[in-house]
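Have the viewer ready and follow along.

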Amino acid sequence: MMTVPNLLTLSRIVALPLLAFLLWWPDWAFGYLLAFALYCLMGITDYFDGYIARSSGAVSRLGQFLDPIADKIMIATVILVLAAQGVLRGPYVGDMHVIAGLIILAREIAVSGLREFLGGLQVSVPVSRLAKWKTTFQMVCLGALILGKALPGWTMLLGAQSVNVPHTVGLITLWAAAALTVVTGWDYLRVGLKHMD
């Protein structure tokens, strides 16, 4: 259990309460800057725990179990806190951006249940390239949304409205992530349906 990759994965889970604490006050720009730094550090550990495990031959069952859970908990935590604090709000459609966050959360829960079901049937579902892109869009959009609150003065004119650049990028990529979430979720469901009576 005490391998470097597993410790890196566990560090992401342990850091989540601190990340949620820093995100709780959307008007605290310095807190969001610290949250952005912590979020980036967590993303770096996500990359290196897998890289080190594969390159050193330290892939373990615990690591295979914990790594996707750590990713899903991190994404769910950030989405829920940002939604609760009104950060998933933008020009023209207001807080309808919360729907994109809900789509992502619903898919993650559904796919986790589906994987558990298929695991009981000894059926493995490999992660597709599109699913990796989905994860990349999720990480980028949430990072951009956090950065937007850390840099409230970084704005530009969009039509008649002044908008925060990273925040707007975050909302656009949030919807892109939600779209990829639906597509990849359907791919998993299609595989699962073949094994259901």
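Does E108 count as buried or exposed? With a relative accessibility of 8%, E108 counts as buried, where buried means under 20% relative accessible area, exposed means over 50%, and partly exposed covers what lies in between (1.4 Å probe, protein chains only). Before going on, please keep in mind that this is a predicted model, in which local features need pLDDT of at least 70 and side-chain atom pairs count only at pLDDT 80 or more, while totals for chains, interfaces and linings use all residues. Residues are numbered from 1 along each chain as its sequence is written, and side-chain values use heavy atoms, with hydrogens and water left out.

Back to E108. Its side chain meets that of R107 in a salt bridge, at 3.3 Å from N to O; the term stands for a side-chain nitrogen of Lys or Arg within 4 Å of a carboxyl oxygen of Asp or Glu. R107 is buried as well, because its relative accessible area is 8%. Salt bridges with shared partners tie K72, R107, E108 and K134 into one network.

By this rule the model has 5 salt bridges. Another of them joins D46 to R12, with the closest N and O atoms 3.3 Å apart. This pair links distant parts of the chain, since D46 sits in helix α2 and R12 in helix α1, 34 residues apart. Helices here are DSSP runs (H or I, at least four residues), strands are runs of E with at least two residues, and both are numbered from the N terminus. D46 has a relative accessible area of 17%, so D46 is buried. R12 has a relative accessible area of 1%, so R12 is buried too.

R12 has a further partner: a salt bridge connects R12 with D71, where the closest N and O atoms are 2.8 Å apart. Here too distant parts of the chain are linked, with R12 in helix α1 and D71 in helix α3 (residues 61–84), 59 residues apart. Both R12 and D71 are buried.

Now turn to the surface. L18, F21, W24, W25, W28, F30, L33, L34, L151 and W154 form a nonpolar patch there, with about 1,000 Å² of accessible area together. Patches take residues with over 30% relative accessible area and no salt bridge, joining like charges within 9 Å and nonpolar side chains (Val, Leu, Ile, Met, Phe, Trp, Tyr) within 5 Å. The areas come from the Shrake-Rupley method with a 1.4 Å probe, and for residues only the protein chains shown count as cover. Helices α1 (4–23) and α2 (29–56) each supply at least two residues of the patch, and α2 gives the largest share, 3 residues.

W25 counts as partly exposed because its relative accessibility is 41%. F21, W25 and W28 form one aromatic cluster.

How are such ring pairs described? A pair of aromatic rings is described by the distance of the centres and the angle of the planes. Rings of Phe, Tyr and Trp (its six-membered ring) pair if their centres lie within 6.5 Å; planes under 30 degrees apart count as stacked, over 60 as edge-to-face and the rest as tilted. The count by this rule is 3 aromatic pairs. The ring centres of W25 and W28 are 6.4 Å apart with the planes at 75°, so this pair is edge-to-face. W28 has 34% relative accessibility and therefore counts as partly exposed. For W133 and F137, the centres are 6.5 Å apart and the planes at 45°, so the pair is tilted. W133 and F137 both belong to helix α5 (residues 129–150), 4 residues apart, which is about one turn of the helix.

Finally, zoom out to the whole protein chain. Its secondary structure comprises 6 helices and 2 strands, which run α-α-α-α-α-β-β-α from the N terminus on. Of its 197 residues, 39% count as buried. The chain exposes about 10,900 Å², and carbon and sulfur atoms supply 71% of that area. Among contacts (heavy atoms within 4.5 Å) with a separation of 6 or more, residues 24 or more positions apart account for 75%. The mean pLDDT, the predictor's confidence in each residue from 0 to 100, is 85 for the chain, and 89% of the residues reach 70 or more. Among the elements, α5 has the highest mean pLDDT (90) and strand β1 (residues 155–158) the lowest (78).
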